[in-house]
Amino acid sequence: LLGKEKKRLLWMTETCNPPENELSPFYMLLILTIIGTECIVGIIANGFIMAINAAEWIKNKAVSTSGRILFFLSLSRIALQSFMMLEITFSSTCPRFYNEELIYDMFKVSFMFLNHCSLWFAAWLSFFYFVKIADFSHPLFLKLKWRISRWMPQLLWLSVFISLGYSGLFSKDIYTVYCNNSSIPSSNSTKKKYFTETNMVNLALLYNLGIFIPLTMFIFAATLLIISLKRHTLHMESNATGSRDPSMEAHMGAIKATSYFLILYIFNAVALFLYMSNIFDVNSFWNILCRFIMAAYPAGHSILLIQGNPGLRRAWKRLQPQVHLYLKEQTP
């Protein structure tokens, strides 16, 4: 048994720091405020996207393929960011309850399921835009362009089942939570310190299995889409007659938006791995930074989607005067 344990790469991290490293109430409140603000912005943005696409679905008894993907993506992100606020609230205010092994595993498994659903749906959205917008003449690509809309509903549900199955595997032999009771000399009380042992081999294996396909697909689709748009833009510039072509500006905007999507997606994937590996103590700068990035990604990506989608952008502009009027009526 000892030989077997030696072969496992384990990482022990303290999930409740000693008194000298504990965050002050001010910093704890600041962190909760920042993450809470990011999550609320994300929930509002994704709620708007989901409402617009749900209204279209109900009104027309049908929805476009991109609308279906956006609906699934926004729904998963609303659940994810609501869960993020719940997790950080419990981990910060009720560490004894949060670090119970069953509760800890439940939080981690649920977090991974929602995160991977979000990553898969974002990857499918990028892949769908690539197939529909990019201009390649390969027969396989043309066949894919013709059939992708028909396949997409099944692919979305397949992603849900893959994420569910993966998160179930994730609950096995990854985390073990320990509690160490240490006495405080100045009083008769004891201080509970919680440690989490992370099996890095199993974590890296399962993480790579869960994230490798959507991450590769997103990078592949986004990169090829940027190349296709850039090539088309250069062709348009060579044929330009002097005046600025609106379609060229649209292409440049699409290139920038896709580049931002790609950067955000990669940063989130790295932050997710570092956070789930428990390499850093719970109150360390790097662990808090990972939480900031994971909370900011769904919000930032959704805001970029609203700005880049003409239908969503028009709906948002129509909604703004109504929101201003409502707020004006509520103020005394």
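Predicted model: local features only at pLDDT ≥ 70, side-chain atom pairs only at ≥ 80, totals over all residues.
Which residues do ring pairs link into a cluster? They are Trp120, Trp124, Phe127, Phe130, Phe141 and Phe220.

**Aromatic pairs**

- A pair of aromatic rings is described by the distance of the centres and the angle of the planes.
- The count of aromatic pairs comes to 17.
- One of them joins Phe26 and Tyr27 edge-to-face, with 5.5 Å centre to centre and 70 degrees between the planes.
- Phe26 has a relative accessible area of 55% and is therefore exposed, since exposed means over 50%.
- Tyr27, with a relative accessible area of 48%, is partly exposed.
- Phe71 and Phe72 also form an edge-to-face pair, at 6.4 Å centre to centre and with 75 degrees between the planes.
- Both Phe71 and Phe72 are buried.

**A charge over a ring**

- The face of Trp146 has Arg150 lying over it, at 5.3 Å from the ring centre.

- Asn115 belongs to helix α5, which covers residues 101-133.
- The relative accessibility of Asn115 is 3%, so Asn115 counts as buried; the cut-off for buried is under 20%.
- Leaving aside residues up to four places away in sequence, Asn115 touches Leu80, Asn268 and Leu272.
- Asn115 and Ile211 are 96 residues apart along the chain, and their C-alpha atoms are separated by 9.9 Å.

Notes. Residues numbered from 1 in each chain as written. Heavy atoms only, no water. Phe/Tyr/Trp six-rings, centres within 6.5 Å; stacked < 30°, edge-to-face > 60°. Buried < 20%, exposed > 50% of the residue type's maximum accessible area, 1.4 Å probe, protein only. Lys NZ or Arg CZ within 6 Å of the ring centre and 35° of its normal. Helix = DSSP H or I, 4+ residues; strand = E, 2+ residues; numbered from the N terminus. Contact = heavy atoms within 4.5 Å.
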